[in-house]
Amino acid sequence: MVELHQFRPFWGLPNASPFCMKVETYLRFRHISYVVVPSGPRKSPTGRIPFVVEEGRSITDSEAIIAHFEQREATCLDDGLSDADRATAFFVREMVEERLYWQITYMRWGDPSGWAVFRPDLVKYLPLAMRGPVLFLLRRALLRQMRQQGLSPADPQGAYARGRAVLDALAGLLDDKPFFLGDAPRSLDMSVYAFLANILDQPFGNPLQEHGKSLSNLIAYCARMKALCWQGWTEGHQAMSGKRSS
Ligand SMILES: N[C@@H](CCC(=O)N[C@@H](CS)C(=O)NCC(=O)O)C(=O)O
């Protein structure tokens, strides 16, 4: 059985880490059996989650994890893509995973209105040892990193403008296609969906979420991916029995 080491569900989201949700979306899409092991970055060999453990071997990094399982499939998700499509997928994934990662971090930890609603629930979710000075220091480090990205707590509108530009570009690229590179989901969709869901499905709104909800093709796309990969999921869920063990 594949062990998926990641955060527990939070705020009704399968995972508040888009990287964890990306891998779990993939495993579910592929019907690969897995069990969730609640974890955190400090337990990971690289200091980052998610990671999977299979037969005693750890695999880290969401892209490497997907590549690891894809090599066993008779047909890979990205088979048949042109060189241009592969290049598009590369650039889109890089932009989403870099820029939207910081937007998601900002809307919870950086935007003062977001922090006001995130903090109380985060405190309940965290182990006791993480709740006091550790949380203060963690937020201080994140705020410093966000400022380096041009995301200041003093200027939510300016910060969210950077995220709105990515959402607009994604809506333009998707256009009226069912998935980002055509009629079928590709590995890119596992990533883009997880990041969009973290913005659109979190319970407390903000200007970025409002903007996302105005982009009807992105909303329909998320509904399509959710129906494909997350139907029947509930917050108490810890594992999935797929069609086969990988
Ligand atoms: N490139 C990694 C990024 C994973 C990542 O950044 N995970 C975050 C959680 S969303 C993390 O573990 N952060 C802990 C830290 O940076 O200290 C992947 O694709 O898996």
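**Contacts, ligand site and backbone of the predicted model**

The backbone oxygen of Asn15 sits 3.1 Å from a polar atom in the side chain of Asn198. That pair falls under the heading of a polar contact, meaning a pair of N or O atoms within 3.5 Å; within protein, one must be able to donate a hydrogen and the other to accept it, and residues adjacent in sequence count only if both atoms are side-chain atoms. The model is a predicted one, where local features need pLDDT of at least 70 and side-chain atom pairs count only at pLDDT 80 or more, while totals for chains, interfaces and linings use all residues. Residues are numbered from 1 along each chain as its sequence is written, and side-chain values use heavy atoms, with hydrogens and water left out.

Asn198 itself belongs to helix α7 (residues 187-200). Helices (H or I, at least four residues) and strands (E, at least two) are DSSP runs, numbered from the N terminus. Asn198 is buried, as its relative accessible area is 0%. Here, buried means under 20% relative accessible area, exposed means over 50%, and partly exposed is in between (1.4 Å probe, protein chains only). The side chain of Asn198 also has a polar contact of 2.7 Å with the side chain of Arg108. Asn15 turns up again with Gln6: their side chains make a polar contact at 3.3 Å. Gln6 is part of strand β1 (residues 2-6), and with a relative accessible area of 1% it is buried too.

Now for the ligand. Its surroundings are made up of Ser17, Phe19, Pro41, Gly47, Arg48, Ile49, Pro50, Asp61, Ser62 and Tyr101, where a residue is listed if one of its heavy atoms lies within 4 Å of the ligand. This shell splits into 5 nonpolar, 3 polar and 2 charged residues. Arg48 places a polar side-chain atom 2.7 Å from an oxygen atom of the ligand. Ile49 uses its backbone instead, with an N or O atom 2.8 Å from a nitrogen atom of the ligand. Asp61 has a polar side-chain atom 2.9 Å from a nitrogen atom of the ligand. On its own the ligand has 510 Å² of accessible area, and the protein covers 76% of that; such areas come from the Shrake-Rupley method with a 1.4 Å probe, and for residues only the protein chains shown count as cover.

The ligand sits in the largest pocket, as more than half of its atoms lie within 2 Å of the pocket's grid points. A pocket, on a 1 Å grid over the protein atoms alone, is an open set of points with protein on both sides within 12 Å along at least five of seven lines, whereas a cavity is a set of points where a 1.4 Å probe fits but cannot get out; lining residues have an atom within 4 Å of a point.

Most residues other than glycine have a negative phi, and most peptide bonds are trans. The bond from Ile49 to Pro50, however, is cis, with omega near 10°. Pro50 is in the loop between β2 (34-38) and β3 (51-54). Asp61 is not a glycine, yet its phi is positive, at about 80°. This residue is in the loop between β4 (57-60) and α2 (62-70), and at 46% relative accessibility it is partly exposed. His31, also not a glycine, has a positive phi of about 55°. The loop between α1 (18-29) and β2 is where His31 is found, and its relative accessible area of 31% makes it partly exposed.

Val37, in strand β2, is 32 residues from His5 along the chain, with 4.7 Å between their C-alpha atoms. Val37 is partly exposed, at 25% relative accessible area. Cys76 lies in the loop between α2 and α3, and its C-alpha atom is 8.8 Å from that of Arg186, 110 residues away along the chain. Val96, in helix α3 (residues 83-110), is buried at 1% relative accessibility. From Val96 to Glu55 it is 41 residues in sequence and 32 Å in space, C-alpha to C-alpha.

Key
Nonpolar A, V, L, I, M, F, W, Y, C, P; charged D, E, K, R; others polar.
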